[in-house]
Amino acid sequence: MPSHLALLSCLLVLVLSLDKFLLHYLKRRWHSGGSIIPRIPTSPFNFKSHPRPMAAAGKWSETAMLVIDMQKDFVDPAMASPMLVAGGEAVIPTVAEAVAVARERGIFVVWVVREHDPSGRDVELFRRHLYSGGKGPTVKGLKGAELADGLVIKEGDYKLVKTRFSAFFATHLDSVLKTLGIKNLVIVGIQTPNCIRQTVFDAVELDYEKVTVLIDATAAARPDIHLSNIRDMKTIGVETPTLEEWRH
């Protein structure tokens, strides 16, 4: 027993000595302005030197251009597609020019296209009769689903596939745009009463601050149909300039 007591006494003296040493050390660190908590090395990654991908500069940094359905089955008469939009071919040069202006401004360009299953099982019910034998309008991988001649998806652009009129319906478009801080949209393509109109109304419903439709870079089967839908969109606050007006 005496030997055990002696051992315990030694241990107690050792603990008290260590306690005094630590207290003295911490006081010195505190008064010298040093941190009591050990420093953890920081990551070399600098968020300021790695800006958001595809972020535009200046006043257009919060704007995206949606180029809708400018595919051969919709705009190229040589395809003899049942989905051909009569006014589509005429606006190809204007759409191409609008895209060029957007790229010059650093605007995020989104190519919205239809690409359907060869069976047509993902298309609207009223159109499924157009699909048989692995063929039909804008079937993925077929020529009709390609962009019109002269329109090219470039690095930094984004391709979005849809299967309904609106570019927002059952797609991740809104998520992509909001992630990039996009608040304003400029819309071109075809056709005005269907995919343009539905996308525009959804954009307004989703609270995009400014929605613009370039009236000479969009089209319908007939001019009167086009203008009638443009008027409808103006009534909900959509801006409808020509390309030349928008450019300046």
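Colleague: Let's start with a charged pair: which residue forms a salt bridge with Arg121?

Modeller: Happy to begin there, and please keep in mind that this is a predicted model. Side chains of opposite charge can pair when their charged atoms come close. For Arg121, the closest N and O atoms of the pair are 3.4 Å apart, and a salt bridge asks for a distance within 4 Å. The partner of Arg121 is Asp117.

Colleague: Is Arg121 buried or exposed?

Modeller: The relative accessibility of Arg121 is 62%. Exposed means over 50%. With its 62%, Arg121 counts as exposed.

Colleague: Thanks! How many salt bridges does a search of the whole structure find?

Modeller: The Arg121 and Asp117 pair is one example. Another joins Asp224 to Arg222, with the closest N and O atoms 3.0 Å apart. In that pair, Asp224 is partly exposed at 42%, and Arg222 is partly exposed at 45%. For the whole structure, the search finds 15.

Colleague: Which salt bridge partner does Lys159 meet, and where in the chain is that partner?

Modeller: The side chain of Lys159 meets that of Glu115 at 2.6 Å, N to O. This pair links distant parts of the chain, 44 residues apart, with Lys159 in strand E3. The partner Glu115 is in the loop between E2 and E3.

Colleague: Of that pair, is Glu115 buried or exposed?

Modeller: Lys159 has 40% relative accessibility and counts as partly exposed. Glu115 has 14%, and the cut-off for buried is under 20%. Therefore Glu115 counts as buried.

Colleague: What is the bridge partner of Ile68 in E2?

Modeller: Strand E1 covers residues 63-68 and strand E2 covers residues 108-114. These two strands run parallel, and five bridges join them. In E2, the bridge partner of Ile68 is Val112.

Colleague: How far apart in space are Ala90 and Val75?

Modeller: Ala90 sits in the loop between helix H2 (72-75) and helix H3 (92-105). At 62% relative accessibility, Ala90 counts as exposed. In sequence, Ala90 and Val75 are 15 residues apart. In space, C-alpha to C-alpha, they are 8.4 Å apart.

Colleague: How much space lies in the largest cavity?

Modeller: The structure holds two cavities of 30 Å³ or more. The lining of the largest one includes Phe74, Met83, Arg114 and His116. The space in this largest cavity is about 50 Å³.

Colleague: One last thing: how many residues of that lining are nonpolar?

Modeller: Also among the lining residues are Val123, Arg127, Leu130, Tyr131, Pro137 and Thr138. Two residues of the lining are polar and two are charged. The number of nonpolar ones is six.

Key:
Residues numbered from 1 in each chain as written. Predicted model: local features only at pLDDT ≥ 70, side-chain atom pairs only at ≥ 80, totals over all residues. Heavy atoms only, no water. Pairing = 2+ DSSP bridges. Helix = DSSP H or I, 4+ residues; strand = E, 2+ residues; numbered from the N terminus. Buried < 20%, exposed > 50% of the residue type's maximum accessible area, 1.4 Å probe, protein only. 1 Å grid on protein atoms, 1.4 Å probe; cavity = no way out; pocket = protein on both sides within 12 Å on 5 of 7 lines; lining within 4 Å. Points joined across faces, edges and corners; volume = space filled by probe spheres on them. Nonpolar A, V, L, I, M, F, W, Y, C, P; charged D, E, K, R; others polar.
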